[in-house]
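Please look over the sequence and the model below. My notes follow as numbered points, with cut-offs where a term is first used.

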Amino acid sequence: MIQTLTNLSLVLLTLLSAAASVLAVARLRQTMALAMQASHASESDDNDLLRRPNKRLLNTLVALIGLGAAGLLMYRWLAVGDGWNPLSAHVDGLLLIASLLAGVGLYIQSRPRLGGLAVFLLPLLTLILAWAICASAWTYRPFHLDSLSPVWTAVHLAGVYLGTLGCALAAAAGVMYLVVQGQLKAKRNPRGLLRLASLESLERLITRSATLGFALLTVGLISGVVILQYEGDLLGPGWWYSPKVLAAFSAWLVYAVVMNVRYATAFRGRRAAWLAIGGFVLLLVVYGIVTSGPATTTDRLEVGFEDSRDLAGAAAAANSSLNAEVFLINHPAVAGPVESRLRHFSLDVLRGGPA
Amino acid sequence: MRFLLLGINHRTAPVELRESLAINAERLPAVLAAFRDRFGGGDESESGAAPSGGRSVGSGECVLLSTCNRTELYVARPSHAEPTIDTLRRFLAEQTGASLDLITASSIHREQQPAVHHLFRVTAGLDAMAVGETQVIGQVRRAYDAAQQAGTVGPSLNRVFQSALREVKQAHQQSGVAALQQSVSSMAVEFAGNLFESFTDKTVAGLGAGEITKATLQRMLAKSPGKTWVVNRTPAAGLALADTLGLGLEKEAAHHGGARPWEELDEVLVESDIVLTGTAAAEPVITAERFKKLLRRRRNRPVFLIDLAVPRDVEPAVGSLPNVYLYNIDDLNAALADVPRRREKIDRCEAMVRDAAERCVGAAQHQDLGVLVRQLRSKLLAIGDDERARTQRKMQTLHDAGQYDKIEGLLDEHTHRLINKVLHLPLSQLDKKKRGGEEVPTNFYAAALRRLFDLDDVSATTADPEPLPPSPAANDE
């Protein structure tokens, strides 16, 4: 029930976000066209002004998405989450990013020096929301929150997700930097470009959001390492060279470079923009590994279910749990070997039950 | 007077040929002096009013306009006098050392109205590579001033050039091209605005001390950059420009900055975020090789290079270096061409300039006509005076003899003689078949007479064939 509601709301939010992206693009195009025309004409066409998508409409839409995402997060926190930790699954993290991104988008809309960035942020928002749909409807898997260190886990999740927000911002600014840069190199008419942010502002935005992302990722990485110290076998032996850790660490390194690009001058300009985008892609890879990789569990949990040795019984037990229904229907692992199925069941049941 | 134009410009000749034909400011007086010696000084006043009539040597007028895009001779001379277009071609070949064939092949020539129209269009910047530029007004003015100093300008070219300079300015204002004009430098500033958020922490450098550098620097200074340097090959001109712009290192200076010697160019290029170049150098000042070495010292800071010089001061390859944004004057103009209604304004300016040129030629023709009428009148008056003196003499004789009844006959005779004398010269032309080897256009003369005296075309059979008036000399007693 909760999952269905989440899915439906997410689809709605994604559609809204897509509409907002389209509006933002249309608005920018119109603004550019207007800038070209109005440059010398005082008597600008009223019709054109009317046809230009309303800024207020766009802002309302973005605010609605932000509030919707935040509301959904709150609802899920109350309905699914336990205690003080609002993030109980990947969807929640994505919702957190989405709501904050919408807020950032609203702020940016009000900054004339960052004009046009909404065009690059809103598609990203749409992407994140679409991803949230996937994470909720197909690859739903609650976090392993009953670990020995709930505080560390919470810090880890907050750091990683908020850090990702910073990196996403840097990547969006990076894409825009490349676009503006291309326009400048192609010597397009600046009257049309006028409403777009300057390269300098974009570079500053990249370095600032990379700094934010870097700081929060540092927190996420350190807390992650601490958790692994507690439960070293989560990622198996040799965790420090597992793809997830390596990718996360290289993303962290990339942002270390990007935030210092004014001093690491070899990477200045276009390269910094590419790095910001590359770092974000690396982070996405980390998320991909986390989502698609085998569930992290412990022997203790597995043993708990091997006792029952009854899949039907396990299913029944899972049904009593909150999220098992969705899990049973949707999770691809159901078709896999029984052992892995058992693991997942055990995880789920244990999470839902008092145990 | 006839107006002639012989010109080589960016449409007719490649840059190498234009360069070889360019006559710089130092050589200009000598060339003009050569023209004056050969075709006569135009400084004799009212050359047209001189009753010399037909071929007159010594009243050719000339202005030589030589810029990087064009070398053009504007000449006014009496009809049927030297120099002709051919002589002008030869003259230009001698003066520039280029071959006559080359000049013939790559030059344009215009006469009368088209020649004047061309001058107006050139002055208005409508014939320029960057259509609508106003720089050329100053160049035309300088060419005109030089010709005045050399004494090769007479009343005809005076009128044409003054009218061109005046009317073009007006056309620029009224058509809105003047407003576009400021945009070349403002377009540079606008492009810079896409690169930099604020100018207060930036360093601007201007290379060269010419007009365009000055205009663009002024526009940049309106954005109050942190530092502004002027670098010029001749230090005096650089200092002068820094002075005019109010640059200085003291606290009370309007803008922080000043002039730097040419030797420090590399340092200035390292310090600067925005570099304007407008030198008169024939070779690029900033080569890709030179700038590449500076990139490291610049710590890859983005730099905005605005090349306003023709020929270029910055090698195009510099623009493909990372974090270097190079715009030359063509790019700025191409961006300007995107501005809607620019075409409209230019078209309006074009129409106004065409009208002005027509008015100017019309006025010149009117004035020429006035001179003609004055000449005609004085000639007729001379004839009349002769006759009057003769008749008066005869009348005195009759009076003395008391033959008052014959006075009436004398008056008739006076009138007839006068009319015959006046008509003799034009009508004798009708009678001739050839004049100086040229076919006499009898029909044209006849038609002109019919038109001028408002006569009907009547067939010869109905009217008495009146014989041509006898020569006044034969009639004279």
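1. In chain A, 51% of the 355 residues count as buried, that is, they have under 20% relative accessible area with a 1.4 Å probe and protein chains only. The model is predicted: local features need pLDDT of at least 70, side-chain atom pairs count only at pLDDT 80 or more, and totals for chains, interfaces and linings use all residues. Residues are numbered from 1 along each chain as its sequence is written, chains are lettered from A and ligands numbered from 1 in the order written, and side-chain values use heavy atoms, without hydrogens and water.

2. Chain A has 14 helices and 0 strands. Helices (H or I, at least four residues) and strands (E, at least two) are DSSP runs, numbered from the N terminus. Contact means heavy atoms within 4.5 Å; among contacts in chain A between residues at least 6 apart in sequence, 79% join residues at least 24 apart.

3. In chain B, strand E2 (residues 61–66) has 5 of its 6 residues buried, so the rest of the structure largely encloses it. E2(B) pairs with strand E3 (residues 70–77) of chain B in the antiparallel sense, over 6 bridges; pairing requires at least two DSSP bridges. A hairpin of 3 residues connects E2(B) to E3(B). Leu65(B) has Glu72(B) in E3(B) as its bridge partner.

4. The axes (lines fitted to C-alpha atoms, for helices over the stretch in contact, with angles from 0 to 180 degrees between N-to-C directions) of helix H7 (residues 155–175) and helix H14 (residues 342–401) of chain B come within 9 Å and cross at roughly 155 degrees. H7(B) and H14(B) are therefore roughly antiparallel, the term for angles over 145 degrees.

Key:
Buried means under 20% relative accessible area, exposed over 50%, partly exposed in between (1.4 Å probe, protein chains only). Angles under 35 degrees count as roughly parallel, over 145 as roughly antiparallel, 65 to 115 as roughly perpendicular and the rest as oblique.
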